[in-house]
Amino acid sequence: MAFDGTWKIDRNENYDKFMEKMGINMVKRKLAAHDNLKLTITQEGNKFTVKEASAFRTIEIVFELGVTFNYSLADGTELSGTWNLEGNKLVGKFKRTDNGNALNAVREIVGGELVQTYTYEGVEAKRIFKKE
C-alpha cells in the first residue's frame, strides 16, 4: 500500500506553535523539533502497524481502521480515537483524555513524501517525511 515503508522526518512546518498550543513546555518543544523521528508503516487489509523510533522512544502501535484505540504522545499526553481511510488519506480523529479537546491528524503521500498534518485548537502543523 502507499503508506508502507520506512519514513524519516525531513522538516516541520509550524510544529513549535502546535506543540505550544498542546501545552508542551519550551524545553520539550526544542527537543521534539530535533527528534529524528522515523516511522515504519505496514498495512495488512484494515490493520496498520506503525513503529515510531526517535531520540526519545521506540514504540509500536497496531490499529484497525475505524476501531477506537488509546495512544500516548511522546510527552505523555493520552489520546483516544480512530484512524480511517478517506480516499488516499489516513484521517485520525482523536480526543485528549485529560481535557476532551479534539486532535485531528491526516497522513497522505504528496509528491513522494509522507505529510502528517495535525490540527489542535485551530493551530495546524505539518511534519514531512522522506522515504528511506
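A word on names: helices (H or I, at least four residues) and strands (E, at least two) are DSSP runs, numbered from the N terminus.

Before going on, some ground rules. This is a predicted model, where local features need pLDDT of at least 70, side-chain atom pairs count only at pLDDT 80 or more, and totals for chains, interfaces and linings use all residues. Residues are numbered from 1 along each chain as its sequence is written, and side-chain values use heavy atoms, with hydrogens and water left out.

Back to the strands. β7 pairs with β8 (residues 102–110) in the antiparallel sense, over 6 bridges. Two strands pair if DSSP finds at least two bridges between them. What do β7 and β8 form? They form a hairpin, with 5 residues between them. In that turn, Gly 100 has a positive phi of about 75°.

Now the other side of the sequence. Strand β6 (residues 78–86) runs antiparallel to β7 (residues 89–96), and 8 bridges join them.

Let's zoom out. The protein chain has 2 helices and 10 strands. Along the sequence, the pattern reads β-α-α-β-β-β-β-β-β-β-β-β.

How about overall size? The C-alpha atoms fill a box of roughly 40 × 30 × 25 Å along the principal axes. Of the 132 residues, 38% are buried, meaning under 20% relative accessible area with a 1.4 Å probe, protein chains only.

Last stop: the largest pocket. A pocket is an open set of points on a 1 Å grid over the protein atoms alone, where a 1.4 Å probe fits, with protein on both sides within 12 Å along at least five of seven lines; lining residues have an atom within 4 Å of a point. How many residues line the largest pocket? The answer is 32, and Tyr 15, Arg 57, Tyr 71, Leu 73 and Ala 74 lie nearest its centre. Among the elements giving two or more residues to this lining are α1 (15–21), α2 (26–32), β6 and β8. The lining divides into 23 nonpolar, 2 polar and 7 charged residues. Here Ala, Val, Leu, Ile, Met, Phe, Trp, Tyr, Cys and Pro count as nonpolar, Asp, Glu, Lys and Arg as charged, and the others, Gly among them, as polar.

Terms used: Buried means under 20% relative accessible area, exposed over 50%, partly exposed in between (1.4 Å probe, protein chains only).
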